[in-house]
Amino acid sequence: MEVKTAGASLDSVISGFNRRIAELQDLVIARNVYPASSVTDLSAVDAVVKAMELQVQAIKDRLRDETLAIPKAKKLVDAALKQQKKLQDMSVYVPSHVPERMSMLNLDTNKCLFPEGSQQDTGFGSFKLEEEPAALPKEKKGRSPPPLWFITAEELDSLSGYMRGRLTVEKINAAINDMVTYAEANAQLIFAPKKKVAGDLWEKALEMRDVAMTEGIRGKHFFLETDMKGPTLKPDNTGKAILTVLRHLGRVSETRIGPHRVIILLKRP
């Protein structure tokens with residue numbers, strides 16, 4: 001039995017040698033078919049192979065660089081996510097739109113409003129009804145803008161549910177922007193010289209000056225309920241709810257002067 005196995009193994013080795021010899025013979029024949037071009041062809045193949053090796057090496061180098069850059073990229077992504085979270089938290093306190101500080105009145109600025117940079121006094125000094133506003137004290141160098149004091153989500157959450165209703169921080173802060181615009185328009189109208197006020201607004205200017213001279217309002221920024229013309233704060237149920245919230249949070253106070261409901265903007269303590 002062992003002799004038969006050894007004979008089979010030897011036959012297998014001999015068969016392998018025969019196959020290898022046949023392959024070598026084929027290679028010699030193939031090489032001698034075109035003897036003039038065989039060396040040139042092999043050189044071209046070698047050049048192509050070397051070029052491919054260089055490309056593969058370049059790819060490997062690029063992959064190594066990309067792999068080393070992954071940790072840095074992860075750090076940048078983490079920093080960007082943190083910054084995004086901060087911006088999202090800050091956006092809660094910013095209204096949906098912040099209109100430019102300008103008069104809501106449909107007036108020709110050149111006729112009725114003085115430039116915002118003009119030297120005017122914040123305090124509502126004494127003035128006569130049919131004359132120019134009183135001269136401003138020399139120590140006052142500019143008219144301060146109305147107080148812009150937004151609310152926070154924590155303040156709104158501190159209120160009872162029936163008072164909050166469906167109001168949001170964004171909507172209330174947009175209404176605060178409207179109030180500042182109304183108060184700025186009134187202040188400009190109060191301090192504007194008569195020659196710069198349109199004829200149809202002079203009567204309103206005198207009326208606003210009377211309100212401004214009232215005890216408790218003098219020197220403060222205010223607007224009337226009739227000034228509430230949007231875009232956010234309007235004389236509707238939502239507008240009334242917003243004013244209720246702002247009174248409760250100490251942003252505004254109210255009083256009545258004659259037929260007017262006057263809303264006074266309060267400063268941050």
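Author: Happy to! Two strands are counted as paired if DSSP finds at least two bridges between them. With that in hand, take strand E3, residues 260-265, in this predicted model. E3 is joined to E1 by three bridges, and the two strands run antiparallel.

Now step back to the whole sheet. It is open and has three strands, in the order E1-E3-E2, with antiparallel pairing. E1 (222-224) and E2 (252-257) are the edge strands, each pairing on one side only. From one strand to the next, the twist averages 25°.

Next come the helices. Helix H7, residues 202-212, packs on the sheet and touches E1, E2 and E3; the direction of H7 makes about 125° with that of E1. Helix H8, residues 237-248, also packs on the sheet, where it touches E2 and E3. The direction of H8 makes about 115° with that of E2.

H8 also leads us on to helix H6, residues 169-191: the axes of H6 and H8 come within 11 Å and cross at roughly 90°. Angles of 65 to 115 degrees count as roughly perpendicular, so H6 is roughly perpendicular to H8. On the H6 side, the contact is made by Lys 171, Ile 172, Ala 175, Ile 176 and Met 179; they meet Thr 238, Ile 242, Leu 243, Val 245 and Leu 246 in H8. Sorted by class, this contact has eight nonpolar residues, one polar and one charged.

How values were computed
Residues numbered from 1 in each chain as written. Predicted model: local features only at pLDDT ≥ 70, side-chain atom pairs only at ≥ 80, totals over all residues. Heavy atoms only, no water. Helix = DSSP H or I, 4+ residues; strand = E, 2+ residues; numbered from the N terminus. Axes fitted to C-alpha atoms, helices over the stretch in contact; angles between N-to-C directions. Contact = heavy atoms within 4.5 Å. Parallel < 35°, antiparallel > 145°, perpendicular 65-115°, else oblique. Nonpolar A, V, L, I, M, F, W, Y, C, P; charged D, E, K, R; others polar.
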